[in-house]
Structures are given as structure tokens and as C-alpha cells.
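Welcome, and thanks for taking a look at this one with us. Please open the sequence and the structure side by side before reading on.

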Amino acid sequence: MSEYQIGEIVSLVFMSIALGMDAFSVSLGMGMQRIRLKRIALIGVIIGLFHMIMPFIGIILGKAISNQIGEITILIGGFLLLVIGAQMLFSAFNHEATKIVQPMGIGLLFFALSVSMDSFSVGLSLGMSGVKTAIALFLFGAASMILTWIGMILGKKVHGLLGVYSEILGGSILCGFGLKLIFG
């Protein structure tokens with residue numbers, strides 16, 4: 001391996017961790033719900049897959065179109081996180097309310113989509129730069145999956161310590177991340 005190839009892989013590792021930190025932070029909030037370890041494992045795998053699929057689509061489109069689409073997808077992701085967080089906050093204060101978005105079925109897909117929007121944008125720029133696609137996608141997926149697991153397990157531990165207030169904290173974290181994505 002040349003120094004250039006090693007440098008490219010090292011930068012992809014750091015980029016993967018940076019992209020996975022969004023998944024970690026949001027999973028910390030989502031993990032404060034009562035979620036079984038088996039479900040946490042599945043959520044991590046799905047988020048890891050989305051962090052591979054979204055940049056792949058971005059890489060393909062990045063070779064054909066401009067960066068404008070990346071900004072729109074980040075806004076959509078922020079809006080989805082804001083909706084999920086607001087729903088968690090609402091259900092924390094209204095005990096009869098049923099959860100609209102849960103990390104299963106279509107709710108899991110929305111959750112995974114919302115935390116992987118930034119990787120789509122990164123894929124757009126990588127598509128224009130000609131980076132090694134397979135290595136980048138593997139690193140993005142692996143880092144996001146592992147950081148999601150860590151975030152959800154830590155969130156689960158915090159839930160045990162905070163009880164009812166953990167859902168308020170989790171919803172606030174998701175809303176905060178959604179607002180950060182929307183307003184920069």
C-alpha cells in the first residue's frame with residue numbers, strides 16, 4: 001500500500017466515525033425507550049445498512065448532478081428527527097397517547113433514513129471525487145452500526161437511572177438534532 005492509499009483509508013475511517021456520531025447521538029435518545037437487546041441489534045444493522053445504501057445512491061447521483069440535492073435531503077432528515085422527537089415528548093406527557101413512531105417496521109425505516117441523510121450528502125461529494133466506493137461504504141456501515149449499538153445501550157442504561165424523565169430527555173435530544181440539521 002502506498003502512503004496515498006493509507007492516507008485515503010485513514011480519512012475514510014475518520015469520516016465514517018463522524019457520520020456515525022449522528023447515529024450515536026440520536027440512538028442515545030431512542031435507546032431511552034424500553035427496547036430489548038435483540039431489537040437494538042436489529043436497529044444497529046438497519047442503520048448500518050442505510051449508512052451504506054444512502055451514500056451509494058449519493059455516489060451514483062454525485063457523478064451526475066450538483067450538490068443542491070444534498071441540502072434538501074439534510075432538511076428532510078432534520079424534519080423527520082424533529083417529528084420523532086416531538087412525538088416522544090408528547091407521549092411522555094400524555095400517558096394515554098400511543099407511540100406513532102417506534103423503532104420497528106416503517107418507524108424503524110424512517111428512523112434509519114433520518115440519521116443517514118448526512119451520509120447521502122457525503123456520498124454526493126464522494127461521487128464527484130472518485131473515492132474507493134466499496135471501502136467507503138463498508139466503513140460507513142460498520143461505524144454507524146457499532147455507534148448505534150453503543151448509543152442505544154447507553155440510552156438504555158440512562159433510562160434505568162432517569163425513569164420517566166428519560167423519554168423527555170430522549171425526545172429533546174432527537175428534537176435538538178432535528179433542529180440542528182434544519183438550521184445548521
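Predicted model: local features only at pLDDT ≥ 70, side-chain atom pairs only at ≥ 80, totals over all residues.

The protein has six helices and zero strands, and its order along the sequence is α-α-α-α-α-α. Of its 184 residues, 46% are buried.

**Nonpolar cores**

- The largest nonpolar core holds 22 residues, and the members that touch the most others are Val26, Met30, Ile43, Ile47, Leu81 and Phe111.
- Five helices each give at least two residues to this core: α1 (3-30), α2, α3 (68-93), α4 (105-129) and α6 (165-183).
- There is also a second, separate core, made of six residues, with Leu12, Val122, Ala136 and Leu139 among them.
- As general background, nonpolar side chains in soluble globular proteins tend to be buried together.

- You will find Leu81 in helix α3, and it is one of the residues that touch the most other members of the largest core.
- Leu81 counts as buried because its relative accessible area is 1%, below the 20% cut-off.
- Cys175 is 94 residues away from Leu81 along the chain, yet the C-alpha atoms of the two are separated by 6.2 Å.

- Val13 belongs to helix α1.
- With a relative accessible area of 32%, Val13 is partly exposed, since that value falls between the limits of 20% and 50%.
- Val13 and Ala143 are 130 residues apart along the chain, and 8.2 Å separates their C-alpha atoms.

**A nonpolar patch on the surface**

- Val45, Leu49, Ile53, Phe56, Ile57, Ile60 and Leu61 form a nonpolar surface patch, and together they have about 540 Å² of accessible area.
- One of these residues, Ile57, sits in helix α2, which covers residues 37-62.

**A patch of positive charge**

- Arg36, Lys38, Lys156 and Lys157 come together on the surface as a patch of positive charge.
- Lys38, a member of this patch, is in helix α2.
- Lys38 is exposed because its relative accessibility is 75%, and the cut-off for exposed is over 50%.

**Putting helix α2 in context**

- Ile57 is part of the nonpolar surface patch, whereas Lys38 is part of the positive one.

Methods. Residues numbered from 1 in each chain as written. Heavy atoms only, no water. Patch = residues over 30% accessible without salt bridge, like charges linked within 9 Å, V, L, I, M, F, W, Y side chains within 5 Å. Areas by Shrake-Rupley, 256 points an atom, 1.4 Å probe, with all protein chains shown as cover. Salt bridge = Lys/Arg side-chain N within 4 Å of Asp/Glu carboxyl O. Helix = DSSP H or I, 4+ residues; strand = E, 2+ residues; numbered from the N terminus. Lys, Arg positive; Asp, Glu negative; His and termini not counted. Charge placed at Lys NZ, Arg CZ, Asp CG, Glu CD. Buried < 20%, exposed > 50% of the residue type's maximum accessible area, 1.4 Å probe, protein only. Core = buried A, V, L, I, M, F, W, Y, C linked by side-chain atoms within 4.5 Å.
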